[in-house]
Amino acid sequence: MSALTQLPAWQALEQHYSLSRLKHMRDLFAADPERAEHFSLEVGDLFLDYSKNRITEETLPLLMDLARQAGLPARIKSMFKGEKINTTENRAVLHVALRNRTNSPILVDGVDVMPQINNVLERMGRFCHAVRSGEWLGYTNQPITDIVNIGIGGSDLGSLMVCSALKPYGHPRMNMHFVSNVDGAQLKETLKKVHSETTLFVIESKTFTTQETLTNALTAREWFVARARDEAAVAKHFVAVSTNMKAVADFGIDPANMFEFWDWVGGRYSLWSAIGLPIMLYLGEENFAELLNGAHIMDQHFRNAPLDANMPVLLAMIGIWYINFYGGGSHVIAPYDQYLHRFPAFIQQLDMESNGKQVMLDGTAVDFETAPIIWGETGINGQHAFFQLLHQGTHISPIDLIASLERRSSLPGHHEILLANVFAQAEAFMRGKTADEARAELTAQGLQGEALEQLVPHKVFGGNRPTNTLLMSRLDPRNLGSLIALYEHKIFVQGVIWNINSFDQWGVELGKQLAKTIHAELSGKKIKATHDSSTTRLIERYRQYNQN
Ligand code: F6P
């Protein structure tokens, strides 16, 4: 048995679970008229209502005991101090330094990282100002109108999500494009929309070895040079963001056109670094600073607030309650905001690439569940698609409902309908509908007898389905920064409880290695005898098809 499951708090929680698991939230609300007040919290402009969870007054203290017994306070300190908590890669984990707006020194190997961070931020600021103001000219002396970001995973999703989320703050002249897929269709369709004279390609890769990114970047470069007919013009249209200056130079991008970040920034935590260059190009330096400010507010709160009044800790520990005690292995992200339509995908990478682990820090296997499956969609679309399963299916899947209060639309009436749905869904998930209520409803519709009784079970909603409701005044750079940092820290806390390394991702390597071998085989190299028969036949099928 792992040390975690032997902790007194874990065992107390198991006992508490067996005593409280059948309690219905309806009854908990009825018993405590102040429940919503007791179980809600505000940080900066983010308001969290976590009252519609299957927790009682006893649950949270037990969960906080577990956090303490798992050593959470010390681990939070270690991260902020720049200790090398990414043990398998011997790296510090310092996305918090990137938004350390107080500039207090943070040391890695005895060196304060703040001056380098500020230096890159200044360079980014100067560059973005030049591009946005129209000072930076392309090879035919025209200002830039289109940014094509080429990167994948952490070098794509963060900037893509933030640029979509903050579109109303975007530069009116600038069109943003994101190419991540090595399927040529994405690049092809993007290149159809842009002109070589007015396009800036931002090649983003932490390692600068990622095959998908380098392939797309090479093709984009060829496309560009074929039009500009001048290799020297590349310098005005290609910039790189990486930790690997040598590989950038080898690729043919002048290191003067490279924006640096560091190995202590994890890919999926990197939007705050130079990887956020597309964000700054689109939103400007001030809005980028606001994004950092928002994250800093959450960082300060996470670092200093007591555990039981700490928003990331609360979300994380309530998550642990479901994952490890109820056995609910999935979690839904449902933003009621069209601008946040890529937020579920972003959180999916953040959480599942971080905590999708099966061994603890010492390499021994876990004997408990780790990261939930994260999925989701804009809430309103989800309602007309998969919410049926969430209401009446057999899985328990907690849901985060995210919305803004301010009516942003100039189209009257829309926002009220949207928000009515957020609140109604949370209520429906909590309350459900009893057989008696269903019966009364059907009777009012004129049904009776057997016809009525046959329908009743289909109309019953068990309810007691957990939701968190996260509200902010408006989706602006600052609040988005706080929201992202909230999830980053939530994921960190869960990783600490499970004693896993949230900051490596060795699980993606095997597929990459095999793809290299198979790539050569698809192009004619002898097929290895070591493949299984299924893989061999698939490769043969491809080769046969492409010979004909
Ligand atoms: O394959 C996974 C991964 O390593 C992610 O963690 C990373 O964000 C992405 O690939 C891209 O890597 P890079 O920025 O080095 O190109």
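A: Start with H21, residues 435-444, and H22, residues 449-459. This is a predicted model. The axes of H21 and H22 come within 9 Å and cross at roughly 130°. An angle over 145 degrees would count as roughly antiparallel. H21 and H22 are therefore oblique to each other. The crossing of H21 past H22 is right-handed.

Now the residues. H21 contributes Ala 435, Ala 438, Arg 439, Leu 442 and Thr 443. On the H22 side, the partners are Leu 452, Leu 455, Val 456 and Lys 459. By class, the contact of H21 with H22 has 6 nonpolar, 1 polar and 2 charged residues. Thr 443 is a polar residue of this contact. Arg 439 and Lys 459 are charged.

Helix H9 spans residues 157-165, and helix H17 spans residues 343-355. Their axes lie 9 Å apart, at an angle of about 155°. H9 and H17 are therefore roughly antiparallel to each other. H9 passes H17 in a left-handed crossing. From H9, the contact takes Leu 157, Gly 158, Met 161 and Ala 165. These meet Phe 343, Ala 345, Phe 346 and Gln 349 in H17. The classes here are 6 nonpolar and 2 polar, with no charged residues.

A third pair follows. Helix H24 covers residues 509-522, and helix H25 covers residues 533-547. Their axes come within 10 Å and cross at roughly 35°. H24 passes H25 in a right-handed crossing. Ile 518, Glu 521 and Leu 522 of H24 make the contact with Ile 539, Tyr 542 and Arg 543 of H25. This contact of H24 with H25 has 4 nonpolar, no polar and 2 charged residues.

Next, the domains. The domain assignment gives domain 1 as 3-70 + 305-431 + 466-504. Domain 2 is 107-289, and domain 3 is 509-546. The C-alpha centres of domain 1 and domain 3 lie 42 Å apart.

H21 and H22 cross at roughly 130°, in a right-handed crossing, with 6 nonpolar residues in their contact.

Methods. Residues numbered from 1 in each chain as written. Predicted model: local features only at pLDDT ≥ 70, side-chain atom pairs only at ≥ 80, totals over all residues. Axes fitted to C-alpha atoms, helices over the stretch in contact; angles between N-to-C directions. Helix = DSSP H or I, 4+ residues; strand = E, 2+ residues; numbered from the N terminus. Parallel < 35°, antiparallel > 145°, perpendicular 65-115°, else oblique. Left-handed = near helix turned anticlockwise from the far one by under 90°. Contact = placed C-beta atoms within 7 Å. Domains from an automatic or database assignment.
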